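Here is a friendly briefing to read alongside the structure.

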Amino acid sequence: MTPRRTTRQDAGDNPPPDRSAPGPGPGARDAVVVGGNRIPFARAGGAYAGVSNQEMLTAALDGLVARFGLQGEVLGEVAAGAVMKHSKDFNLVRESVLGSALDPRTPAYDLQQACATGLEATIAVANKIRLGQVESGVAGGVDTISDAPIAVSPGLRRALLAAGNAKTFQQRLKAFASVRTSDLKPDAPRVDEPRTGLSMGEHQAVTTARWGVTREAQDELALASHQHLAAAYEAGFFDDLVTPFRGLARDNNLRSDTSLEKLAALRPVYGKTLAGTTPSMTAGNSTPLTDGASTVLLASREWAAERSLPVLAKVVDADTAAVDFVHGDEGLLMAPAYAVPRLLARNGLTLDDIDFFEIHEAFASTVLTTLAAWEDDTFGRERLGLDGAFGTVDRARLNVVGSSVAAGHPFAATGGRIVATAAKLVAQRAAETGRPARALISVCAAGGLGVAAILESA
Amino acid sequence: MTDTYLKLVNAGSTKTLAKKLGLPRPAVLRRFVPGQPLVVGPTLVLGSADHGAPRDATDAVARLLVAWGLDVRRDPAQLEDGARWGAVVVVLTEVETPTDLSSALLALGSTLRTLAPSGRVVTLSRAATESDVPAVAAARHGVDGALRSLAKELRGGATGNGIVLGPDLAGTDGLGVPSVAAALRFFLSAKSAFVDGQLVTVGSSAGTVPSDDAGWGAPLAGKVAVVTGAARGIGAQIARVLARDGATVVCVDVPPAGDALAKVANAVRGTALQLDITADDAGTRILDHAVGRHGRLDIVVHNAGITRDKLLANMTSDTWDPVLAVNITAQLRMNEQLLASGRLADAPRIVSLASTSGIAGNRGQTNYAASKAGVIGMARATAPLMAPLGGTVNAVAPGFIETEMTAKIPAVTRQVARRLNALQQGGLPVDVAETIAFLASPAAGGINGEVVRVCGQNLVGR
Amino acid sequence: MSAPGSAGGPDDQRRPGAAHDGLAREILELDGVPSLAALYAKGVTRPLVDRLPGRGPAGGTPADLPPVTYRVGALETRGSAVAGRLAAYAAHVGEPPSDVLPAGFVHVLAFPVATAVMTRADFPLPLLGLVHLENAVEVRRPVRLGDTLEVLASADDLRPHRRGTQVDLVTEIRTGGELAWRGRSTYLAKDVVLGDGSPADARPADGGSGDGDHEATTWARPLPTARWTLDAGTGRRYAAISGDRNPIHLSALSAKAFGFPRAIAHGMDTAARALASVAARRPDAYEWTARFAKPVLLPGTVDVAVTPTDDGWSYDAWHGRSGRRNLSGAIVRR
């Protein structure tokens, strides 16, 4: 097979990694975040109605290329994915690269880990950079609900396949004779968990009830998300993170004028049938279905330096956990509560060592149940194997420029949004204080998955 | 943005009809394409002293043109039957009295009927100053009037422009001055298609001319340029032309224009910088980006501008203030930061977009005209600050240019506005961009504090 | 559990020289698994015949069950027919693909044999209108696709119920001569009185059987771990897979004829879904129980809680809004 990809690497004083060694361990060399680009996130059925995943991902890539002058550059790879994907998009990311301003010889692959796709892609590319397999890469994700794949029913599919294989007109007729009226109804994609039939919101409603998270706490977190995001936009924080698309310059779910009163007026939408609980999850403290795409440019320090590109942060480490929600053991979106303690312990860090917490707001209550679990003695002892509670997150460090409740959550695109945001935050903080700054990223995902990562100013 | 009328009167049966009706028939202008000949047809060089001594200046021009590979003739009669002059260069640097103008200008007049479509007339003269003998000043300034008038008489897309040697160049014949050569080449070329009736003063012998054709082909090689308002229209075209001429271009526009900006940046293989130029630190951020990413900053093109048209009687601060803030205040602040930084490359260039509205005024545009006239004032006053750096600052004043913005003008008004110039048509964004690229080039180092109109010699203003 | 169909039934297949099982029941050999359609035809017509003047039971229902065990010596599961049926079953209830037959599928395969017992002329309860109260299955060892199954079915333990009379149908599956699977299905014949006794607590039929309607208010439902969204065609699809074409499952119209507001889901369909929810971690040998309370009306959604226990899982399924329990049971390691 081809050896290491050679774009413009091994220049300067940095020797190539020792290939005879069993493999460089963590920190063998750094993978750094150069920057990111995303398109504004749009509520489903709105600004991006009819826009395909490929168009959105290509736009996000092109914005990244424009920001960093990568026209015609052969990158090590582009790794990205989509949760909602048409079957024709089997090579979605490669096709997007071919349609972008990148050199068409840039390799690409699709990956998918539900809502953690973007973060997992970042980890994948960063690891290849750390191993010396590539010098640079783009991680990203894209999703559209507005152009979601609609499948034909199994009955119609079988008939179509049979008809396709038929040799005579009679055989073809016969193939379709088996089709029933009900088979003509298209299958819309489901956002329910396949094994439980519960939507993510219903799952989280159960977890919310289990941890006794109040409506007020959720609304306060949602309000903070909107206020933080709006303030960050006003301050120009996203000027070099977002490129407008299709007439949208900002995330159109953002309600800078919302208030606790407005949020409190919304009717609950999840957990309405749970016994003994007051339903508390509303459209206001949950993420809407959203369209969007995001990208992150990762590189070795050498590659970035050769091109005079900025280095915002290095990817320190990452961890993925999963929980058994199917058999009632744990809440669907609680895996980060396990991934984060493990990740911090492995790196000799505590919650106090983190300057910025970027906890994906699948729902406001997802963040709150995670925090509650970490503050809970029993959870710490019985679930995390600690002496007591894991710890308390300083809320002043949490989602300081807003998160998914305000920005929206195009599943696979959220990871890239958060990584680029966190990288910029630590870079800014380090520039202000002259001291290293750290960000902890935590993303929960369908299927009981949770991915966490640490970024550090570089 | 398409000038349908221009197309109709130049093709097919509608062309015949227009001829019969005596309708104005604007010509299709010859525009620059890399590799095309500088001038199509023979070039005639005339001098004020052709019928007496000295001939040095005229000879020097002829030698320069020959060196550029032109077919140079010295006698109006030296034209084959059926042939047409590609260009006529009139050297008037040595005129002493108004009567000295007659021989050369009458000789020029005899060639105009045989001037090729998109032909060129370029005069070379000296600036009249207060210290001149009155007769000398009268003769020198007389060129100004003659040039502007003959430019209005030219047909078929031909243009007339003049190069004026400033007082500091009194002792030279001008041809050793890099910017004179550069201006001559620019006016002869198709790059100046929509520049007409303009006199550009070369004030100093600063600047360097390319040594060969390859150099003329990429005059901005190795330079880093910033273009504000680069997402669309004229700004996007400026970015393209600067990149074509070899510059690395940083494309700047407000964040909401970022998608179009990215497309331009990718097309010119530059970088996109989403930035509101009214931000306090805009100049510094532009410097940081250009120097940080590309190692230097040579050229700044202040193109970003907005309009909020209202009659002054109806004007409020909502419509007045933003126009001034974007079109002039932001430029002033950025220039201050750029100049104070000490981080500009040697011989930096600033080119700022003015407007014919800022020169002649325009009903409903007091705010816009104030800002654009302000640009002209700023350019003149900033010029002395740039000179010590070997740098220049100039203003380019577009007339009616076919853009998305002018496409919104009501149809009849638009048709009238288009024809109100000697070329009887609107210019294209590329015409503005070519002029800016010329002023930004190393060879134009002797042109500082000037205002060059790209207006097809609009009937109003200078 | 009834459907129109043609005549003919297991009685005609009785063989001479049949053996007796341990309970002194006569073992009657069947050539194969009988046709449910045919059995239903018989099951439906018999009560009609019984109701003819002079033909019906004069006082109560006979208190004796037929002393027979029906046996199918070799039910083959090889071949594409069973495999296709298994695939349809697995897709329907949510079982992962496997060549180990889910306990519910074994029930489906053997069900006609038990039904044959219930359609005998000497079976004391009318097939039509029987309500499935409970089901308990013991899986001793995996039954695999391709195995040859020996099926034995008999009726057992006829006893009074406060609302009528109940009976157990016991089915055993042997492979290689050893017991692999044993199922006990408890049915209620509402308002049917044994002998000359009377039901403990006669009420109008409402389709439910549970332990009392007050349960809806006293039962503390847990937080759900899953939700089943069952569309209007659920009953028709399970009927096609299982062969159980009782009209109460097929359409709102046919269900109304039997006093239900809409079609109801097959109890065994819902129990099979609960079993499927732990499929990935189910051991080779287990017990699977189900108690059917309020029927699941179609279309409808059912909230489900699967709760880990020391030796397996318990489960509950209920109507989300009203909280009325549809189903409860357990899957327990053996």
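## Chains and their contacts

Chains B and C make no contact with each other, and their closest C-alpha atoms lie 43 Å apart. Two pairs of chains are in contact, and of these, chains A and B share the most contacts. Please keep in mind that this is a predicted model.

**Chain A overall**

- Chain A holds 14 helices and 12 strands. Its radius of gyration is 23 Å, close to the 23 Å from the globule rule for 458 residues, so chain A is as compact as a globular protein of that length.
- The C-alpha trace of chain A spans about 75 × 60 × 45 Å along its principal axes.
- Buried residues make up 56% of the 458 residues of chain A.
- Among contacts in chain A with a separation of 6 or more, 81% come from residues 24 or more positions apart.

**Helix α14 of chain A and the record for this chain**

- Helix α14(A) covers residues 414-433, which is 20 residues. From first C-alpha to last, α14(A) reaches 28 Å, close to the 28 Å expected at 1.5 Å a residue.
- An unreviewed UniProt entry lists residues 310-456 of chain A as "domain: Thiolase C-terminal". The end C-alpha atoms of residues 310-456 of chain A lie 14 Å apart, and the span is 37% helix and 20% strand.

**The six-stranded sheet of chain B**

- As background, strands of a sheet pair through backbone hydrogen bonds, in either a parallel or an antiparallel way.
- In chain B, six strands form an open sheet with parallel pairing, in the order β2-β1-β3-β4-β5-β6. Its edge strands are β2 (72-73) and β6 (199-202) of chain B, each of which pairs on one side only.
- Within chain B, strand β1 (residues 43-47) and strand β3 (residues 85-91) run parallel and are joined by five bridges. Opposite Leu44(B) stands Val88(B) in β3(B).

- Strand β8(B) covers residues 248-253, and six of its six residues are buried, so the strand is largely enclosed by the rest of the structure.
- Strand β7 (residues 224-228) of chain B runs parallel to β8(B), and five bridges join the two. Val224(B) is found opposite Thr248(B) in β8(B). From β7(B) the chain passes through helix α8 (residues 233-244) of chain B to reach β8(B), in a right-handed β-α-β crossover.
- β8(B) also pairs in the parallel sense with strand β9 (residues 271-274) of chain B, over four bridges. Here Asp253(B) has Gln274(B) in β9(B) as its bridge partner. The chain goes from β8(B) to β9(B) by way of helix α9 (residues 258-267) of chain B, and this β-α-β crossover is right-handed.

**A glycine in a loop of chain B**

- Where does Gly176(B) lie? Gly176(B) sits in the loop between β5 (159-165) and α6 (178-188) of chain B.
- With 13 other C-beta atoms within 10 Å, Gly176(B) is partly exposed.
- Gly176(B) and Lys310(B) are separated by 134 residues in sequence, and their C-alpha atoms are 49 Å apart in space.

**Chain C**

- Chain C contains seven helices and 11 strands.
- Of its 334 residues, 49% count as buried.
- For contacts in chain C with a separation of 6 or more, residues 24 or more positions apart account for 75%.
- Residues 229-308 of chain C are listed by UniProt as "domain: MaoC-like", in an unreviewed entry. The end C-alpha atoms of residues 229-308 of chain C are 23 Å apart, and this span is 30% helix and 22% strand.

Technical notes: Residues numbered from 1 in each chain as written. Chains lettered and ligands numbered in written order. Predicted model: local features only at pLDDT ≥ 70, side-chain atom pairs only at ≥ 80, totals over all residues. Rg over C-alpha atoms; globule rule 2.2 N^0.38 Å. Buried ≥ 20, exposed ≤ 12 C-beta atoms within 10 Å, placed from the backbone. Contact = placed C-beta atoms within 7 Å. Pairing = 2+ DSSP bridges. Right-handed = clockwise from strand over helix to strand, strands pointing away. Expected span 1.5 Å × (residues − 1). UniProt positions renumbered as here; feature names shortened; annotations may be inferred.
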